[in-house]
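Work through the exercises below with the sequence and the model at hand, and try each task before you read its solution.

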Amino acid sequence: MSVYGTQRLRGLRMIVTGGGTGGHTYPALTTVNALQTRLAETGAAPELLWVGVAEGLEAKIAVRNHIPFKAVTTGKLRRSVSPRDLGRNFVDAFRIPLGILQAAFTVARTRPAVVLSTGGFVSVPIGLAAALFRVPYLMHEQTLSLGLANRILARVATRILLSHEASLEHLPPKARARAVVTGNPIRPAVLTGDAAKGLAAFGLDPAVPLVLVTGGAAGAQQINRMLSGALPDLLQHCQIVHQCGSLSLAEMQQVAAGLPPHLAHRYHVLDFIHDELPDLLAAAAVVVARSGAGTVAELTALGKACVLVPYPHAAGDEQRITARHLSQQDAAVMLDGAEATPEHLRDTLNLLLADPQRRETLARNAAGHGKPAAADQVVTEILTAAAGAL
């Protein structure tokens, strides 16, 4: 910390931008929290401004966390050639210059020491404005393959922060020298789960392996239906806690009601898992999940044996790319396409449940891809970039 100086840290002013989805928003929030914690150790606090879209998730998250928020206009370039998307591209072509002007005014008025962006098209205006005013600009990419916004911004970023080593090959050759692999910031609470508490919270048997199934905060109908067809066989070998999403809760409760009485107590279904999630992750022998950037960052940081069912319509096919990469590294099992069936899920899980050594291999290889200290590494990059501007 001495290289920055306590007095200089008291003047740290930062713009953070990124949003549209939780995958962009939550890493930004986690980084902000880590920065605040780091500076609090010296008695300092950063002056923050979050720039995003007024109706975006980032606006709600900023307000909820008492971070000043500024809305800018932005547009999105859609690669679809459908008449609807072509029309939306035409409208957004007029919105983008306005957003860049608003961003330039915001940067000029705020005079930040550093700008951090975590992706999404709202990052483009601020990133370009930071480059215009020669403000140190750090760009973070959560996915293995860069999104379109970050492919644009990589050309002007002072520092490019990547979540995966394999992402380097997706950068323009001239940008690779400015890149560093930090990992994807994850919530500290995820790393401090207590397995015994997780089992006790749901009355689970410590002697029976736990499988945690989740399709994310909103659930995943594909995973829910795969599990429905496999439940009676699976529950003979394990107990399951299932986050199914609010839209599928009634359907999955009906499935639960039809289970044989001697197995029903082994299945627990919820629309959403709240504070118990870190404890359940700690307790789980296997996790079944989508392969979004945040989910993968958490599972690899924890070193969990997992079965990944990629969302087939993810932008840029990013979930399938990530799941395939981990599968090829023997760090996860991927069920995709014709293999994403109840029968394949049943057989895959039963094989893993019967083979602790195989689970250990998957977990160890997953941990090799994990970056549990990602938030702290991103903060160090922020402070290093800001040090020359304060």
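**Exercise 1.** How far apart are the mean positions of the positive and negative charges of the protein?

*Solution.* The model is predicted, so local features need pLDDT of at least 70 and side-chain atom pairs count only at pLDDT 80 or more, while totals for chains, interfaces and linings use all residues. Residues are numbered from 1 along each chain as its sequence is written, and side-chain values use heavy atoms, with hydrogens and water left out. Begin with the counting rule, under which Lys and Arg are positive and Asp and Glu negative, whereas His and the chain ends are not counted. Next, place each charge at NZ of Lys, CZ of Arg, CG of Asp or CD of Glu. The protein then has 35 positive and 29 negative charges, and their mean positions lie 11 Å apart.

**Exercise 2.** Explain why the radius of gyration of the protein agrees with that of a compact globule.

*Solution.* The radius is taken over C-alpha atoms, and the globule rule is 2.2 Å times the number of residues to the power 0.38. For 390 residues the rule gives a value near 21 Å, and because the protein has 22 Å, the two agree. The C-alpha trace spans about 65 × 55 × 40 Å along its principal axes.

**Exercise 3.** Which residues of helix 13 are buried, and what covers them?

*Solution.* Helices (H or I, at least four residues) and strands (E, at least two) are DSSP runs, numbered from the N terminus. Buried means under 20% relative accessible area (1.4 Å probe, protein chains only). In helix 13, residues 318-328, the buried ones are Gln319, Arg320, Thr322, Ala323, His325 and Leu326. Their cover includes helix 12 and strand 12, together with strand 13 and helix 15.

Terms used: Buried < 20%, exposed > 50% of the residue type's maximum accessible area, 1.4 Å probe, protein only. Contact = heavy atoms within 4.5 Å.
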